[in-house]
Amino acid sequence: MTLKDLVLDHLEYTFEKEAWQPSLAMAVDGLNARQAAWKPAPGRHSIWQIVRHVTHWKQAVLAAVDGNPADLDALDRIDWAEASGDEGVWQADVRAVHTVSRRLIEMARAASEQDLSSPVPTGKGYPDQPLALRLVRTFTHDIYHAGQIRYLRALQGV
């Protein structure tokens, strides 16, 4: 198995494919806007906020790889905004997380072994990381949040 094989396997199974744990895409599949906006208590995050959070940080990874590293502290300050709206807004946010995730997977698929080992910016003022490490850490973040989403679904009986 090459580094590229390992990275692609990780990205595909944490975002989309089923393994021993449900992927992020599976965790949000079939939810409606009301279920996505539900919170177990004040001050807690909703599934919808989690989806926007994951999308937000994946977009920052794409920007950094494209040579436009974000100010991570500024991104952190605007993270976790309240999320609500109608079904169309929720479905647009689900499509957004799918789109950014697929773009990152396609980037990995198109990358050479050398590309995967090359440093890319993390964010302004933060050290660079090899592309493979940046991608694996980003998609590991998916599984963390997929578990939260599955728990929030269970609390709702969904």
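1. H145 is a buried residue, with a relative accessibility of 3% (buried is under 20% relative accessible area, exposed over 50% and partly exposed in between, with a 1.4 Å probe and protein chains only). H145 belongs to helix α8 (helices are DSSP runs of H or I of at least four residues, strands are runs of E of at least two, and both are numbered from the N terminus). Beyond its neighbours within four places in sequence, H145 contacts I50, H53, V54 and W80 (contact means heavy atoms within 4.5 Å).

2. On the basis of the note: this is a predicted model, in which local features need pLDDT of at least 70 and side-chain atom pairs count only at pLDDT 80 or more, while totals for chains, interfaces and linings use all residues. Residues are numbered from 1 along each chain as its sequence is written, and side-chain values use heavy atoms, with hydrogens and water left out.

3. W80, one of the contacts of H145, sits in the loop between α5 (72-77) and α6. W80 has a relative accessible area of 25% and is therefore partly exposed. Its phi is near 65°, a positive value in a residue other than glycine. Most residues other than glycine have a negative phi.

4. The largest nonpolar core holds 37 residues, and I47, W90 and L135 have the most contacts inside it (a nonpolar core is a set of buried Ala, Val, Leu, Ile, Met, Phe, Trp, Tyr and Cys residues joined through side-chain atoms within 4.5 Å). Two or more residues of this core come from each of α1 (3-15), α2 (24-28), α3 (33-37), α4, α6 and α8 (131-156). The largest share, eight residues, is from α6. Another core, of five residues, lies apart from it and includes W57, A60, A70 and L75. In soluble globular proteins, nonpolar side chains tend to be buried together.

5. Leaving out residues up to four places away in sequence, I47 touches V28, L31, Q35, A36, W38, W90, I149, L152, R153 and Q156.

6. α4 and α6 pack at an angle of about 35°, and their axes are 9 Å apart (axes are lines fitted to C-alpha atoms, for helices over the stretch in contact, and angles run from 0 to 180 degrees between N-to-C directions). The crossing of α4 past α6 is left-handed (the near helix is turned anticlockwise from the far one by less than a right angle; clockwise would be right-handed). Residues of α4 at this contact include I47, W48, V51 and K58, and those of α6 include V89, W90, D93 and M107.

7. There is one aromatic pair (ring centres of Phe, Tyr and Trp, the last by its six-membered ring, lie within 6.5 Å; planes under 30 degrees apart are stacked, over 60 edge-to-face and the rest tilted). W48 and W90 form this edge-to-face pair, at 5.4 Å centre to centre and 65° between the planes. W48 is in α4 (residues 47-65) and W90 in α6 (residues 87-110), so the pair ties together parts 42 residues apart in sequence. Both W48 and W90 are buried.

8. The charged end of K58 sits over the ring of F139, 3.8 Å from its centre (the rule asks for NZ of Lys or CZ of Arg within 6 Å of the ring centre and within 35 degrees of the ring normal).

9. N68, in the loop between α4 and α5, is exposed, with a relative accessible area of 51%. N68 and W38 are 30 residues apart in sequence and 34 Å apart in space, C-alpha to C-alpha.
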